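Visitor: Could you take me slowly through the aromatic rings of this protein, and show me how they meet one another? I would like a close look at that part alone.

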Amino acid sequence: TQNMLDDTGFDVEGFLAMWSGDEFALAEGDAFVNGNGVGGPRGILTYASGTTDATIEQVNSGAAAAVTAAGLIDLQSSLFEAFQPNARFAFRRTTLGAIRKLTEAVNGQFLWQPGLSAGVPPTLLGKEYVIDPNLPAVGAGALAIAYGDFRRGYMVVDKPGVRVLRDPFSSKPNVLFYTTRRVGGDVINFQAIKLQKISA
């Protein structure tokens, strides 16, 4: 209510901007992966499979419902050399659990390697990875793993900050607050990102 706002020493607008910023970040993360592009970002999982423009190549894992070592190697190898230096994997935490159990067929070494020095992150096939809860869990037909140079492959366009609009008129004696943030995103280089499809 307006009386409450008048009497409190608490910065309600600042709190709403901070709290909304966290909510917007969660929504944006999902949109960059799954968004349909209507009034917001278009996600990398919404494109058809292929190697031509406006498609993203989907590399099969080699098993109907599981991640395999050979499938991860095929995924990494499918990316053009120009994008390999800054490439990284992305998957959800449960997928990481499955990946950490995988070993090479020849010498039995684990594909996942811990960072043994301070400041050195763990790696998968020699590359860093990020945990993204918006990617699907491993399951038949799921696009569970992404690999690529995401900075060159995907562009995010946004207007920094959260805008808070105060409306003291529409619902007297209450004051309504509307929070908005402008952001968009889309794939700009379809050769820079590859996806792993859980399929034989």
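Guide: Rings of Phe, Tyr and Trp count as a pair if their centres lie within 6.5 Å, and a pair is called edge-to-face if the planes are over 60 degrees apart. With that in hand, a search of the whole structure, which is a predicted model, finds 4 aromatic pairs. One of them joins Phe32 and Tyr154, whose ring centres are 5.7 Å apart and whose planes meet at 65 degrees, so this pair is edge-to-face. Tyr154 is buried, because its relative accessible area is 11%, and buried means under 20%.

Another edge-to-face pair is made by Tyr47 and Phe190, with 5.0 Å from centre to centre and 75 degrees between the planes. This pair, too, links distant parts of the chain: Tyr47 lies in the loop between α2 and β1 (58-60), while Phe190 lies in the loop between β10 (183-187) and β11 (193-197), 143 residues apart. Tyr47 has a relative accessibility of 8% and therefore counts as buried, and Phe190, with a relative accessible area of 13%, is buried as well.

Key: Residues numbered from 1 in each chain as written. Predicted model: local features only at pLDDT ≥ 70, side-chain atom pairs only at ≥ 80, totals over all residues. Heavy atoms only, no water. Phe/Tyr/Trp six-rings, centres within 6.5 Å; stacked < 30°, edge-to-face > 60°. Buried < 20%, exposed > 50% of the residue type's maximum accessible area, 1.4 Å probe, protein only. Helix = DSSP H or I, 4+ residues; strand = E, 2+ residues; numbered from the N terminus.
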